[in-house]
Amino acid sequence: MAHAGVHDPVLVALSVAIAMLASFVALDLAGRMKAAAGWARWAWLMTAALVLGGGVWSMHFVAMLAFRLPGLEVTYDLGLTLLSLALPVVVTAFGLAVARRPGAGPGSIVAAGLVTGLGIASMHYTGMAAMRLPAALHYDPAWTFASVLIAVGAATVAIRLALGETGLLLRVAASGAMGLAIAGMHYAAMQGLHVSHAPGVDHAGVGVDQVRLAVGVTAVTFLVFTLALLAAAIDRRVSQRAAREAAALRASEERYRLLLQSVTDYAIFMLDRDGVVANWNSGARRIKGYEAGEIVGRHFSCFYTAEDRAAGVPARALATAAESGKFEAEGWRLRRDGTRFWASVVIDPIVGEDGRLVGFAKVTRDITERKRAQEALERAQGALAQAQKMEAVGQLTGGVAHDFNNLLMAVLGSLELLRKRLPDDPRMLRLLDNAVQGAERGAALTQRMLAFARRQDLKPASVDLARLVRDMTDLLQRSIGPGIRIETRFPVGLPPALVDAHQLELALLNLVVNARDAMPEGGSVTVAARLEPGDGAGDPMLCLAVTDTGTGMDEATLARAQEPFFTTKGVGRGTGLGLSMVHGLAAQSHGRLVLRSRPGAGTTAEIWLPVAAPGIAAAPDEAPARRAYPRSVAPQVVLVVDDDPLVLENSAAMLEDLGHRVIEARSGQEALELMRRARTLDLVLTDHAMPEMTGLQLAARIAAERPGLKVILATGYADFAGSAEAGPDEAARLPRLAKPYDQATLARMIEAVVRGNAGAADDTVVPFPKSA
């Protein structure tokens, strides 16, 4: 007898809702599976399989509870029931695993859907086999096939949606369609079920009644769905927060990368614990010349010089940074092309959260230009200090030379007058001559001091350097002896120099004698000249060079060679004023003295002089013949002015010995008062460097109060600065008498001034002879 079954509509609706909810939860968990990686992804895959398979199973048994057979008691076999639960879970997990393999395509999804659908259909019929009732069950093949087809299609769509990108609305729609399809699979299978009474069939055994099964299925379903949704919600929140943190970290890393790459003045990069370069910025590429691919992975010691690597500097730098917290240093570093640059280096340790050393941050800056500027500044400061020292020494030397001139004036003048009054005793005359020679050597030393102090009286003229040296060749050869050869090199067409010819001869003689002393074993001296064009707005200059093949000088000696009184010749062999005199002559002539020397390579002394402009008179070939005794002139009334009593008394004595009447004054103001009282006054002989009123100022007052009164200016150097009442033109018109002077020189000057030939007197007025 056949039994017609009925369905409870409430439970039918509940089964469809369970299928939809299971589909939605499974799709949501599949989304978590895509967002995870590693073991977490496998965990979400198993959870999704459990939810979908368990949901299908729950829908099946709730639908079975909705099926009623009046008059028949239905129970369920527990083993087959549990097997029916395991089947959809296992096949769903298998299908998802097959579909998510790397490189899986549509074929894999279809195969996974087929396996999963067949498993779900097997779950249905296994659950039907678990029913225990006094009746026989028969299935219509057509409906059975339709149910299997629906199961395979629903499983394929579920897997495809689980692996695809789906939003909330699409997931809701997909879960609804999947729920209906799964429910349709069940009810299509139930539609093909035929139940017939079979009295001989015994289905007795241990089973689970429908009420208990309903409670168990409902509890399991809601527990699984609740836990799954809770886990998905927690994971989504954690994932969202992690995603936000990851996005913030990526943004921070991008900003940091952009910051490092935008810095081009500094090389900023990281090293690992062993000193291997880990990254590279554009500043490092610009400064060091390496591309990132060329240097990342190499040890940073390649930036150091071979000397520093041999000394272990890179290793010490990392050790210092790790121990002290920072390493700072400056030194030479190497670029990719092998060139060197002066670098400022800072290395800081990078420590992890656990306090362990992770690596190092290294910052390098190219400060080559700053180092060069600093060195140039130090050289300039050194040159300025040297110039200031030389200027101070020059001022001191000039003052000492002036006072020394006054002393020599008194000594030499007194010795000259004493010689006239002594009897003709050879022994006494020999002692007197020794005293005169000593005083004359002091006079020569004074002239060199004045030359260094640039206070000597120069007469610059147009000088042919080649002719001057040629005329001196015999003198120079005699001065250095036969063991040294002299060579001269002068180009054709060399323009004349603007310089005092006599002083240049003395300077050249000093340089050649110095060259001789530097070659005790003999050698050669080369005197050469060349014309150097000016740089930019500068005027061309002439260079007169003296080069020897002697022992040379080290840096310390070369730095002090031009200092006054510095000598390496030993006691009694040199005054230390030769090069100082040459330096002073060059500077006073608007040029300079340059020394170049190395130990064992000889020395070159260069006198740089300005080129004489066209129209400047040439230096006279030789001085006019000097008369030992001047022609007699009528006795003159001479006002002698000097602030030094010794010089004043000596000058007055020489004038009186010449037959002149002398009026003595110890200052300019006293001289003016005596001039105003004197009825007869023919000549004024005045010193220049006097306190309160200089000789030039006195001459200007005399010219204003008593025009026509002749004035002779006696001075040891040509320094007329500071005169407010007499300009350079007035100073040039006054006849000058160089100190120290002898009686014959004084007489010639007086004769020239009295006869109105003071301009020519400059050629006849010379100081005492000086020993070379």
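Colleague: How many disulfides does the structure hold?
Modeller: This is a predicted model. A disulfide requires a pair of cysteine sulfur atoms within 2.5 Å. The number of disulfides in the structure is zero.

Colleague: Is Cys 302 buried or exposed?
Modeller: Buried means under 20% relative accessible area. Cys 302 has a relative accessible area of 17%, so Cys 302 is buried.

Colleague: And is Cys 543 buried or exposed?
Modeller: The relative accessibility of Cys 543 is 1%. The cut-off is under 20%, so Cys 543 counts as buried.

Colleague: How is helix 19 oriented to helix 20?
Modeller: Helix 19 (residues 668-677) packs with helix 20 (residues 695-705) at an angle of about 20 degrees, their axes being 10 Å apart. Angles under 35 degrees count as roughly parallel. Helix 19 is therefore, relative to helix 20, roughly parallel.

Colleague: Which residues of helix 20 does helix 19 meet?
Modeller: From helix 19, the contact involves Gly 668, Ala 671, Leu 672, Met 675 and Arg 676. By class, the contact of the two helices has five nonpolar, one polar and three charged residues. On the helix 20 side, the residues are Leu 698, Arg 701, Ile 702 and Glu 705.

Colleague: How is helix 18 oriented to helix 22?
Modeller: Helix 18 (residues 645-657) and helix 22 (residues 743-754) have axes 10 Å apart and pack at an angle of about 70 degrees. The range 65 to 115 degrees counts as roughly perpendicular. Helix 18 is therefore, relative to helix 22, roughly perpendicular.

Note on methods:
Residues are numbered from 1 along each chain as its sequence is written. This is a predicted model: local features need pLDDT of at least 70, side-chain atom pairs count only at pLDDT 80 or more; totals for chains, interfaces and linings use all residues. Side-chain values use heavy atoms; hydrogens and water are left out. Axes are lines fitted to C-alpha atoms, for helices over the stretch in contact, and angles run from 0 to 180 degrees between N-to-C directions. Helices (H or I, at least four residues) and strands (E, at least two) are DSSP runs, numbered from the N terminus. Angles under 35 degrees count as roughly parallel, over 145 as roughly antiparallel, 65 to 115 as roughly perpendicular and the rest as oblique. Contact means heavy atoms within 4.5 Å. Ala, Val, Leu, Ile, Met, Phe, Trp, Tyr, Cys and Pro count as nonpolar, Asp, Glu, Lys and Arg as charged, and the others, Gly among them, as polar. Buried means under 20% relative accessible area, exposed over 50%, partly exposed in between (1.4 Å probe, protein chains only).
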